[in-house]
Amino acid sequence: MADRAALTDSPVSPEDAAALIRGRRTIDRFKPGEVPETALIHEAIELARWAPNHHRTEPWRFCLIGERTKTRIIDLNSRLLTASRGAEVAEAKRERWQSMPGWLAINCISNDDPITAREDYAACACAVQNLMLYLHSAGVGTKWASGAVTREPEFLELLGAQSGEYCVGLIWYGYAQRRPRSQRQSVDHIVRTLD
Ligand SMILES: Cc1cc2nc3c(=O)[nH]c(=O)nc-3n(C[C@H](O)[C@H](O)[C@H](O)COP(=O)(O)O)c2cc1C
(Lines give C-alpha, C1' and ligand atoms only; values in the text may rest on other atoms or scores of the structure.)
Protein backbone atom coordinates (compact mmCIF):
# COMPACT_ATOMS: atom_id res chain seq x y z
CA MET A 1 0.00 0.00 0.00
CA ALA A 2 2.67 2.47 1.12
CA ASP A 3 4.78 1.92 -2.02
CA ARG A 4 1.85 2.50 -4.30
CA ALA A 5 1.01 5.69 -2.44
CA ALA A 6 4.59 6.89 -2.97
CA LEU A 7 4.24 6.33 -6.72
CA THR A 8 1.19 8.55 -6.88
CA ASP A 9 2.71 11.18 -4.61
CA SER A 10 -0.02 10.74 -2.02
CA PRO A 11 0.92 12.68 1.09
CA VAL A 12 -1.60 10.90 3.30
CA SER A 13 -1.97 7.27 4.25
CA PRO A 14 -5.05 5.40 3.04
CA GLU A 15 -6.03 5.06 6.70
CA ASP A 16 -5.94 8.83 7.19
CA ALA A 17 -7.86 9.41 3.96
CA ALA A 18 -10.50 6.88 5.04
CA ALA A 19 -10.81 8.49 8.48
CA LEU A 20 -11.21 11.94 6.94
CA ILE A 21 -13.89 10.80 4.51
CA ARG A 22 -15.79 8.77 7.11
CA GLY A 23 -15.45 11.46 9.74
CA ARG A 24 -17.09 14.25 7.77
CA ARG A 25 -20.71 14.47 8.73
CA THR A 26 -23.32 17.11 8.04
CA ILE A 27 -23.38 19.41 11.06
CA ASP A 28 -26.75 20.77 12.05
CA ARG A 29 -25.83 22.65 15.23
CA PHE A 30 -22.89 25.02 15.40
CA LYS A 31 -21.32 26.80 18.36
CA PRO A 32 -22.92 30.25 18.26
CA GLY A 33 -20.83 33.24 17.27
CA GLU A 34 -17.64 31.34 16.42
CA VAL A 35 -16.80 32.00 12.80
CA PRO A 36 -13.71 30.31 11.36
CA GLU A 37 -11.03 32.57 9.91
CA THR A 38 -11.58 33.92 6.42
CA ALA A 39 -8.08 32.76 5.38
CA LEU A 40 -9.12 29.16 6.04
CA ILE A 41 -12.20 29.55 3.86
CA HIS A 42 -10.10 31.06 1.09
CA GLU A 43 -7.79 28.06 1.27
CA ALA A 44 -10.81 25.72 1.16
CA ILE A 45 -11.99 27.46 -2.01
CA GLU A 46 -8.51 27.27 -3.50
CA LEU A 47 -8.68 23.50 -2.93
CA ALA A 48 -12.30 23.12 -4.03
CA ARG A 49 -11.34 24.22 -7.55
CA TRP A 50 -8.94 21.28 -7.92
CA ALA A 51 -12.00 19.08 -8.37
CA PRO A 52 -12.24 17.13 -11.62
CA ASN A 53 -14.10 19.04 -14.34
CA HIS A 54 -14.62 17.69 -17.84
CA HIS A 55 -13.15 19.84 -20.61
CA ARG A 56 -11.73 21.98 -17.80
CA THR A 57 -14.79 24.17 -17.80
CA GLU A 58 -14.15 25.22 -14.17
CA PRO A 59 -17.89 25.90 -13.94
CA TRP A 60 -17.93 26.97 -10.26
CA ARG A 61 -18.33 30.37 -8.71
CA PHE A 62 -17.91 30.86 -4.97
CA CYS A 63 -19.74 33.54 -3.03
CA LEU A 64 -18.46 34.55 0.38
CA ILE A 65 -21.53 35.82 2.16
CA GLY A 66 -21.14 38.67 4.65
CA GLU A 67 -23.51 39.87 7.37
CA ARG A 68 -25.54 42.22 5.17
CA THR A 69 -26.21 39.57 2.52
CA LYS A 70 -26.85 36.93 5.18
CA THR A 71 -29.57 39.15 6.67
CA ARG A 72 -31.10 39.72 3.26
CA ILE A 73 -31.17 35.99 2.50
CA ILE A 74 -32.76 35.26 5.86
CA ASP A 75 -35.37 37.96 5.20
CA LEU A 76 -36.10 36.53 1.76
CA ASN A 77 -36.42 33.00 3.14
CA SER A 78 -38.69 34.28 5.87
CA ARG A 79 -40.95 36.02 3.37
CA LEU A 80 -41.19 32.90 1.23
CA LEU A 81 -41.93 30.69 4.22
CA THR A 82 -44.53 33.05 5.65
CA ALA A 83 -46.37 32.85 2.34
CA SER A 84 -46.08 29.08 1.97
CA ARG A 85 -46.14 27.72 5.54
CA GLY A 86 -47.13 30.54 7.85
CA ALA A 87 -45.50 33.01 10.24
CA GLU A 88 -44.64 30.51 12.97
CA VAL A 89 -42.60 28.24 10.71
CA ALA A 90 -40.94 31.29 9.16
CA GLU A 91 -39.94 32.65 12.56
CA ALA A 92 -38.49 29.32 13.69
CA LYS A 93 -36.44 29.12 10.49
CA ARG A 94 -35.28 32.71 10.89
CA GLU A 95 -33.89 31.91 14.34
CA ARG A 96 -32.21 28.77 13.10
CA TRP A 97 -30.64 30.45 10.08
CA GLN A 98 -29.43 33.36 12.21
CA SER A 99 -27.53 30.84 14.34
CA MET A 100 -25.51 29.61 11.34
CA PRO A 101 -22.06 31.17 11.77
CA GLY A 102 -20.35 31.08 8.37
CA TRP A 103 -22.07 31.34 5.01
CA LEU A 104 -20.91 30.69 1.49
CA ALA A 105 -22.60 29.63 -1.72
CA ILE A 106 -21.36 27.65 -4.68
CA ASN A 107 -22.90 28.45 -8.02
CA CYS A 108 -22.56 26.71 -11.35
CA ILE A 109 -22.42 28.37 -14.74
CA SER A 110 -25.19 26.81 -16.80
CA ASN A 111 -24.46 25.41 -20.23
CA ASP A 112 -26.77 25.05 -23.23
CA ASP A 113 -25.40 21.61 -23.97
CA PRO A 114 -27.26 19.18 -21.67
CA ILE A 115 -24.33 16.80 -21.32
CA THR A 116 -21.89 19.57 -20.41
CA ALA A 117 -24.48 21.01 -18.04
CA ARG A 118 -24.79 17.68 -16.26
CA GLU A 119 -21.05 17.24 -16.08
CA ASP A 120 -20.59 20.77 -14.80
CA TYR A 121 -23.09 20.19 -11.99
CA ALA A 122 -21.19 17.01 -11.11
CA ALA A 123 -17.91 18.94 -11.10
CA CYS A 124 -19.39 21.55 -8.76
CA ALA A 125 -20.58 18.80 -6.41
CA CYS A 126 -17.01 17.42 -6.38
CA ALA A 127 -15.77 20.92 -5.55
CA VAL A 128 -18.19 21.13 -2.63
CA GLN A 129 -16.91 17.82 -1.30
CA ASN A 130 -13.28 19.00 -1.60
CA LEU A 131 -14.18 22.12 0.33
CA MET A 132 -16.08 20.24 3.02
CA LEU A 133 -13.38 17.62 3.49
CA TYR A 134 -10.65 20.23 3.78
CA LEU A 135 -12.65 22.21 6.33
CA HIS A 136 -13.37 19.01 8.22
CA SER A 137 -9.61 18.31 8.36
CA ALA A 138 -9.24 21.75 9.98
CA GLY A 139 -11.93 21.01 12.57
CA VAL A 140 -14.62 23.04 10.80
CA GLY A 141 -18.00 21.47 10.20
CA THR A 142 -20.29 22.15 7.28
CA LYS A 143 -23.85 21.77 6.17
CA TRP A 144 -24.89 21.79 2.52
CA ALA A 145 -28.32 23.34 2.07
CA SER A 146 -30.32 23.38 -1.13
CA GLY A 147 -33.71 24.61 0.02
CA ALA A 148 -36.26 26.37 -2.17
CA VAL A 149 -34.78 29.80 -1.50
CA THR A 150 -31.60 28.82 -3.36
CA ARG A 151 -33.63 28.53 -6.55
CA GLU A 152 -35.17 31.98 -6.26
CA PRO A 153 -34.06 34.63 -8.79
CA GLU A 154 -33.91 37.14 -5.91
CA PHE A 155 -31.49 34.89 -4.04
CA LEU A 156 -29.23 34.68 -7.08
CA GLU A 157 -29.41 38.45 -7.39
CA LEU A 158 -28.28 38.80 -3.77
CA LEU A 159 -25.32 36.58 -4.64
CA GLY A 160 -24.44 38.81 -7.55
CA ALA A 161 -24.93 35.87 -9.90
CA GLN A 162 -24.43 36.48 -13.58
CA SER A 163 -27.00 35.41 -16.12
CA GLY A 164 -27.20 31.61 -16.31
CA GLU A 165 -25.57 31.00 -12.94
CA TYR A 166 -27.53 28.78 -10.60
CA CYS A 167 -26.89 27.79 -7.01
CA VAL A 168 -25.56 24.30 -6.30
CA GLY A 169 -25.44 24.75 -2.57
CA LEU A 170 -25.55 27.14 0.28
CA ILE A 171 -22.84 25.99 2.69
CA TRP A 172 -22.98 26.83 6.36
CA TYR A 173 -19.79 26.34 8.30
CA GLY A 174 -18.54 26.66 11.84
CA TYR A 175 -17.57 24.63 14.87
CA ALA A 176 -19.86 21.72 15.63
CA GLN A 177 -21.91 21.76 18.78
CA ARG A 178 -22.72 18.12 18.32
CA ARG A 179 -21.71 15.51 15.83
CA PRO A 180 -24.68 13.76 14.29
CA ARG A 181 -24.49 10.16 13.21
CA SER A 182 -25.18 9.14 9.66
CA GLN A 183 -25.82 5.70 8.28
CA ARG A 184 -25.13 4.14 4.93
CA GLN A 185 -26.53 1.07 3.24
CA SER A 186 -24.25 -1.95 3.22
CA VAL A 187 -21.71 -2.07 0.42
CA ASP A 188 -23.21 -5.40 -0.72
CA HIS A 189 -26.49 -3.63 -1.32
CA ILE A 190 -25.01 -1.05 -3.68
CA VAL A 191 -22.39 -3.00 -5.60
CA ARG A 192 -22.99 -5.07 -8.70
CA THR A 193 -20.00 -7.16 -9.69
CA LEU A 194 -19.92 -8.06 -13.34
CA ASP A 195 -17.82 -10.65 -15.06
C1 LIG B 1 -27.02 18.14 -3.26
C2 LIG B 1 -27.25 18.10 -1.77
C3 LIG B 1 -28.20 18.92 -1.21
C4 LIG B 1 -28.43 18.91 0.16
N5 LIG B 1 -29.39 19.74 0.69
C6 LIG B 1 -29.68 19.68 1.99
C7 LIG B 1 -30.69 20.51 2.55
O8 LIG B 1 -31.31 21.32 1.86
N9 LIG B 1 -30.97 20.38 3.85
C10 LIG B 1 -30.29 19.50 4.66
O11 LIG B 1 -30.60 19.41 5.84
N12 LIG B 1 -29.29 18.73 4.17
C13 LIG B 1 -28.97 18.79 2.86
N14 LIG B 1 -27.96 18.02 2.36
C15 LIG B 1 -27.14 17.20 3.26
C16 LIG B 1 -27.68 15.78 3.36
O17 LIG B 1 -28.91 15.78 4.01
C18 LIG B 1 -26.65 14.92 4.10
O19 LIG B 1 -25.50 14.83 3.34
C20 LIG B 1 -27.21 13.52 4.37
O21 LIG B 1 -28.18 13.57 5.37
C22 LIG B 1 -26.13 12.54 4.81
O23 LIG B 1 -25.50 13.00 5.98
P24 LIG B 1 -23.91 13.16 6.06
O25 LIG B 1 -23.53 14.32 5.17
O26 LIG B 1 -23.63 13.43 7.51
O27 LIG B 1 -23.35 11.88 5.61
C28 LIG B 1 -27.70 18.03 1.00
C29 LIG B 1 -26.72 17.21 0.41
C30 LIG B 1 -26.49 17.24 -0.93
C31 LIG B 1 -25.43 16.35 -1.54
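Four strands of the predicted model form an open sheet in the order β1-β2-β4-β3, with antiparallel pairing; strands are DSSP runs of E with at least two residues, helices are DSSP runs of H or I with at least four residues, and both are numbered from the N terminus. Two strands are taken to pair if DSSP finds at least two bridges between them. The edge strands, each pairing on one side only, are β1 (60-64) and β3 (141-145). From one strand to the next the twist averages 25 degrees, where axes are lines fitted to C-alpha atoms, for helices over the stretch in contact, and angles run from 0 to 180 degrees between N-to-C directions. Strand β1 runs antiparallel to β2 (residues 102-109), and five bridges join the two. Trp60 has Cys108 in β2 as its bridge partner. In general, the strands of a sheet pair through backbone hydrogen bonds, either parallel or antiparallel.

Residues are numbered from 1 along each chain as its sequence is written. Because the model is predicted, local features need pLDDT of at least 70 and side-chain atom pairs count only at pLDDT 80 or more, whereas totals for chains, interfaces and linings use all residues.

The chain contains eight helices and four strands, which follow the pattern α-α-α-β-α-α-β-α-β-α-β-α along the sequence. Its C-alpha atoms fill a box of roughly 60 × 40 × 40 Å, taken along the principal axes. Of the 195 residues, 24% count as buried; a residue is buried if 20 or more other C-beta atoms, placed from the backbone, lie within 10 Å of its own, exposed if 12 or fewer, and partly exposed in between. Among contacts between residues at least 6 apart in sequence, 81% join residues at least 24 apart, a contact requiring C-beta atoms, placed from the backbone, within 7 Å.

Helix α5 (residues 87-98) has twelve residues and reaches 16 Å from its first C-alpha to its last, close to the 16 Å expected, the expected span being 1.5 Å times one less than the number of residues. The number of buried residues among the twelve of α5 is one, so the helix lies largely in the open.

Gln162 is placed in the loop between α7 (153-158) and β4 (165-174). Gln162 is exposed because 10 other C-beta atoms lie within 10 Å. The C-alpha atoms of Gln162 and Asn107 are separated by 9.9 Å, the two residues being 55 apart along the chain.

The residues around the ligand are Arg25, Thr26, Trp144, Ala145, Ser146, Gly147, Gly169 and Ser182, a residue being near a molecule or strand if its C-beta atom, placed from the backbone, lies within 6 Å of it. By class, this shell has two nonpolar, five polar and one charged residues; Ala, Val, Leu, Ile, Met, Phe, Trp, Tyr, Cys and Pro count as nonpolar, Asp, Glu, Lys and Arg as charged, and the others, Gly among them, as polar.

Terms used
Contact = placed C-beta atoms within 7 Å.
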